[in-house]
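Subject: Structure for your files

Hello,

Here is the structure I said I would pass on. My notes on it follow below.

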Amino acid sequence: MSGNGHSYGEQAGEAAPELAQEAAPTTAPSVPAAFGLFSSDTKKNEDLKQMLESSKDSAKLDAMKRIVGMIAKGKNASELFPAVVKNVASKNIEIKKLVYVYLMRYAEEQQDLALLSISTFQRALKDPNQLIRASALRVLSSIRVPIIVPIMMLAIKEASSDLSPYVRKNAAHAIQKLYSLDPEQKEMLIEVIEKLLKDRSTLVAGSVVMAFEEVCPDRIDLIHKNYRKLCNLLVDVEEWGQVVIIHMLTRYARTQFVSPWKTDDDVVEEYNENNFYESDGEQKEKDRNVKKTYTMDPDHRLLLRNTKPLLQSRNAAVVMAVAQLYWHLAPKSEAGIVSKSLVRLLRSNREVQYIVLQNIATMSIQRKGMFEPYLKSFYVRSTDPTMIKTLKLEILTNLANEANISTLLREFQTYVKSQDKQFAAATIQAIGRCATNITEVTDTCLNGLVCLLSNRDETVVAESVVVIKKLLQTQPAHHGEIIKHMAKLLDNITVPVARASILWLIGEYCERVPKIAPDVLRKTAKSFTNEDDLVKLQILNLGAKLYLTNSKQTKLLTQYVLNLGKYDQSYDIRDRTRFIRQLIVPNEKSGALSKYAKKIFLAQKPAPLLESPFKDRDHFQLGTLSHTLNSRATGYLELSDWPDVAPDPAVRNVEVAESAKEWTAILGKTKKEKPTEKFYSESEEEEDESASTGATESESGSESEKEDKEEGSSDESSGSSSSSEESSDSESDSKESTAKKTSGAVKESNAEESKKKAKGISKNRNTSSSSDTESSSSEGSSSDSKSVSDSRSDSDSGKSGSATSSKKEEKTAQDRKTPSKQDVFLLDLDDFYPVTTPVAVPTAAVLSPSLTADLEGLSLSGSSVIDQVTTQVFVPTKTHEMLHRMTGKGLSAHYHFSRQPDMFGDHMVPVQVTVTNTTDQKIENIHIGEKKLPLGMRIHEFNPIECLEPGGSVTVSMGIDFCDSTQTASFQLCTKDDHFNVNIQPPVGELLLPVTMSEKDFKKEQGMLTGMNETSATIAVAPQNSTSLVIIEKVVKAANLGVVPSGQDNIHRFAAKTVHSGSLMLVTVELKESSTAQLIINTEKTVIGSVLLRELKPVLSQG
Amino acid sequence: MIHSLFLINASGDIFLEKHWKSAVSRSVCDYFFEAQERASEAENVPPVIPTPHHCLLSVYRHKIFFVAVIQSEVPPLFVIEFLHRVVDTFQDYFGVCSEVMIKDNVVVVYEVLEEMLDNGFPLATESNILKELIKPPTILRTVVNTITGSTNVGDQLPTGQLSVVPWRRTGVKYTNNEAYFDVIEEIDAIIDKSGSTITAEIQGVIDACVKLTGMPDLTLSFMNPRLLDDVSFHPCVRFKRWESERILSFIPPDGNFRLLSYHVSAQNLVAIPVYVKHNISFRDSSSLGRFEITVGPKQTMGKTIEGVMVTSQMPKGVLNMSLTPSQGTHIFDPVTKLLSWDVGKINPQKLPSLKGSMNLQAGTSKPDENPTINLQFKIQQLAISGMSLRPQPIPQLMIPIRCIRSSFIQTRGPPESPCREVPGERRAAGHQAVPAGAEPAQPRPLGAGDPDHEEAEPSQRGGCPRCSRGNAEACTQ
């Protein structure tokens, strides 16, 4: 290779060696022949042209690589344009890529020729592969040829409704490019931006906001409808997008919300960590409590809440963006949380430190308290670069107060000795500032500085002189000694600023040092001609002042100095001399002014303010370039002041129906939700709207979504995974159509929608007596009417794997003439009865019809492979006693688990409580009293029973969130005049929600849950239990598990997830010979797993 | 956003330029050179330099300036962070990020840059995705490419960008599934002459090397999560899970990545495991000075201190030093006046010391203060903060966890000592490998790595972004 480099070098002249270095390693191996061919630059290009025209891809590739090398080097390769552009249609991906690189660089210069390539891109824009579409759009929009503006516009429009979010992202980028090429297109582009802003993909969000900022930052109205969505998506947007969105939202919030600062002092609203993930419903309540003073708009709070976790981002820019958001938007009491994260960034690279320190410097001026606890983090290290040291010093000075000044001064003393003299000088300045700001230490500082005057280093001394001068000016009363001392120093100090400062001091206070001053003037008059201009001016000043106060002694001296000044080289000094002479030396022309000369020269001068250079920087938004430069950068967007009255918050209410429909219309397909939209967004949005769902729901939602993603990134439509997800989805869906309704109604309406979607809904659905046992998913698929796996999701049905498995399943089921699990799902309740004879459905009465609809609506709105919670197949009849009538003074209560999912929010286990009055009097007002719950547990109370007739009994339902533990929930059951302590302890089987999944998915999941997460046992199975039907029945009866279709007769699989955390719980029963069976449970929640194992064992082994 | 990028080497040559919008003339860099001239050292070049029409934001790493040209308002950290990401990517691709490497791989560099930014806005910055788009060069691939004429560009288009887990590519397969977690801790301390600690901070990171098939979802928890005061995560970590349960739950990227970095709060309780005894004196009259330092262990909990390195910037007046070390090697550079002493391991029975005399320039007065001493060291298997991971079995495989901790300290003269002969010392403490997965409930899986695996320090160091920082000497690594 080095050999090749040589041959280049010899032949191609000066420039070539570098090129050889670049090109040789990549190109050398395959084109040895090419090297001999060129001897000059033009020849070389000839050679490249030949290679580009060759039929071999490898030759073309090498040529392109060399050309790219030239571009990288900044050499002109434009004359190769015709030869290169021909290869734009090359089949070889790499050649193509390099040609793209070339085009982007030179198309602008060779517009006519560039047009040759356009058709290729247009073709590629229709390519089935999204990446090719995207890259075609990228190049097309990057080549900056004005003629193709219409084509670009068209391409952007088309791409903005592309199915692939990646292409849409590129479309958002293209918007900016087109705008910079042709600002005339603004209106049309805004339309596209508007459309893309509605996009729910996290991939697009950052880019489109970027485009918004560039094209139409003033169109704040476009944000209204998307505000909440953006807030909710924020955590999942890629880091760069986060930065842009946060900055934009900061600006937005400043126009839309009222200031949280004005009333800061009396705002009672407490901010605590716990409350962070609580639902907005609760938040609202809290807000209501403090309404008397100031109520933060819930949207405002939403923004603060959703940005806070980003403080833990690894990306310094994101952290800084959040910090500035809190600085500009949060109530003052809350802004403190950002300081810790900012201090963390100080461990990062030098450049990051530089910017962060600048921002901290600005912050620390206004709110010292924020950074005071981190004082020591700003201590200077000997290895810091000077600029970092100076900034740290700046911050330390800002933070100085009475309490910490002594420590700081000690620290400063070390800094003064630093070998970095620039820094030492800065330290002296800092000491000066501390001295003026904190009166207690002024004298100490002054003494310290005077000590420094004897320092050997000249810069240190000079700086001290300057600072002392400033200090003395602030309190000139009693410092004759210091001035004398300084006058003595004059002989040794050579730094002009320092000399000038001393002279000025002596002149200003010449009356305090009457003996020394004339002497100083005498000395300086001698050296006048050798002094720096700065010093000369001060000598003149001194002379003038002395002349006025002590003309007897100094008259001649002054005139001598003035004469010297008259013939000085510098016109400044000549000017000054003339001016002074006219003013002080009385003659007939001087007129009235000379009378006042003394007043003019010896007027009381205001002391200089020693201020931080960061004092006024905060009128720039923190974290911006303008702030760093302390001047407006182009494109800086002003942060507006808070409005006095908040604009109508209703503009942010979303009636999003159109957006979804629009998509549907555009795509001409059923809307498939983008996977990315889900992370945290939906469920939280829901929180905003309906306070009914618990906050924790969102957590499980997001959790399951993520799991979902792991499963099937291929599965585009993993729109909604768990029931919680579905419910929230469905709600938000329906929000689109009907803005505000009760959740029940909302769900209903949604169910209707879903009905329309399902093509052939079997009619018996409506007639099925107990809706609670039927999942809507099965309805959805009842068009197929047989296989459950199909029902799982529309998208899934496309998968041949599951389809076949289900077929197989069916077959076996038929063979055996026993209902397999699939059948179980599909069976009408009538058919179902024989299997689950013991099942009574006592709950039916309690279930409202709307609930039925709820359940129907549940799973249709989205589809996913796993985690789709099915309704239970079995309702256990076993009731537990809660309150015996003896202890309950005639009131008795029983409960059982209804296995009715999602009655009270996702984490609740529904419990039916039957209360019976065995007395002969009415019992009034039965309700739940005081609760004694373990940490985290929650109870959704039943509605109080107003009156229970003698002998009557009423069934009510309540929900308990057991937090996936078998701990007892204790509470008081109260009547009008009594209360009884009661307990509910859940069997472990009731802490689960059944889940449907295919065998394949089951195995996959199981594969991930081995090791510690697996518990197993071998059990002896009672002979009567060995049929699959019985096993299913028994297992399902014991625990709320969903049946997974199984390809093998001897293996039965069940799946569920825990109610609270949504962890998967996979149960496998494998029948072996000699009536034993292997029972395996895989779950993350190992404790529950092992308890469940213990409970299932006897179920199967006993008759 | 980012308009153009120029790479400038130490001697002031622009050796690579890339434009994302219309080309900006390289003459814009003249402003940069001006600033460079004004700053005495490369580290002092301001990261933000305004020019009449543009603004130059630069990052200095590996002796290369990465200068981004921007034209309009943009958060400066955004650009700086991105530039650092670019450097990290190069490092990831080529092993080292040097001028020679970049020149050698200019096409790959160009392609990578092309993918990373679109119109100046970051597009794909996750190394997993990039590597799928553009394969990093390896010797094997170069050979294969030569023979077959194929290239570094991925044949198959990546799916990762489009997946919901943007940092992980799909279809990862390993025959040996393994995951390593290194805990590295650094103490950064300033100690005064008398040995009392002025400040001490513990900063830790967990670096992971995960080679697992498929889409694993891992959880990690800490024995003592309360120790962690402030944490920052790789984007793969779920914030909410951490908030609520103090558990790290994540789908890891493939390969090496930094899972989290943390800060340990209990600042004053840090026991620094090393001490330095010093006796440095200059005399006004004579041209000779005495120099003696001894390093010894303190509170090391029975571990050996390794990789001890003492450096000190001597005052300008020192002409030469004649020193004798009891162990290790020392170098004094008379030009930069930098004394460095590579001590190696500390043997508690026989403490290493460095003694001798200094020749001072005749006629100059003695220096104001004694030099600062920086000290770096490593201790394997020791957690300065006491932080430890709880082993979490992963399906079918055990994860051997190696923990490496390190720490280091800076000492400095005491501010108020009346005599000025205060040397500062800065020490760095080292690395420990702790098999945190100590109680494997299951047999170790096939191919699982050595749990006690010790990190190859130099390479780690190379990969450590801190080292390229201005205050690199401040860190142990």
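**The sheet in chain B**

Five strands of chain B make up an open sheet in the order E2-E1-E5-E4-E3, with antiparallel pairing. From one strand to the next the twist averages 20°.

A word on the basis: this is a predicted model, in which local features need pLDDT of at least 70 and side-chain atom pairs count only at pLDDT 80 or more, while totals for chains, interfaces and linings use all residues. Residues are numbered from 1 along each chain as its sequence is written, chains are lettered from A and ligands numbered from 1 in the order in which they are written, and side-chain values use heavy atoms, with hydrogens and water left out.

Within the sheet, strand E1 (residues 2-9) and strand E5 (residues 64-70) of chain B pair in the antiparallel sense over seven bridges. One of the bridge partners is B:Phe65 in E5(B), which faces B:Ile8.

Helix H21 (residues 350-366) of chain A lies across E3 and strand E4 (55-61) of chain B, at about 135° to E4(B). Axes here are lines fitted to C-alpha atoms, for helices over the stretch in contact, and angles run from 0 to 180 degrees between N-to-C directions; contact means heavy atoms within 4.5 Å.

The loop between E4 and E5 of chain B holds B:His62 and B:Lys63. Most residues other than glycine have a negative phi. B:His62 has a positive phi of about 50°, and phi of B:Lys63 is near 60°. B:His62 is partly exposed at 27% relative accessibility, whereas B:Lys63 is exposed at 61% (buried is under 20% relative accessible area, exposed over 50%, partly exposed in between; 1.4 Å probe, protein chains only).

**Rings and charges**

There are 20 aromatic pairs over all chains (rings of Phe, Tyr and Trp, the last by its six-membered ring, with centres within 6.5 Å; planes under 30 degrees apart are stacked, over 60 edge-to-face, the rest tilted). A:Tyr227 and A:Phe257 form an edge-to-face pair, 6.0 Å centre to centre with 65° between the planes. A:Tyr227 is in helix H15 (residues 227-233) of chain A and A:Phe257 in the loop between helix H16 (239-256) and helix H17 (280-289), so the pair ties together parts 30 residues apart in sequence. A:Tyr227 is buried at 0% relative accessibility, and A:Phe257 is buried at 1%.

A:Trp240, B:Phe78, B:Phe82 and B:Phe121 form one aromatic cluster. A:Trp240 is also among the residues touched by B:Arg85, as are A:Glu239 and A:Arg314. B:Arg85 lies in helix H2 (residues 76-94) of chain B and is buried at 9% relative accessibility.

The charged end of A:Arg367 sits over the ring of A:Trp327, 4.0 Å from its centre (CZ of Arg or NZ of Lys within 6 Å of the ring centre and within 35 degrees of the ring normal).

Regards

Conventions:
Helix = DSSP H or I, 4+ residues; strand = E, 2+ residues; numbered from the N terminus. Pairing = 2+ DSSP bridges. Lists of a residue's contacts leave out its neighbours within four places in sequence.
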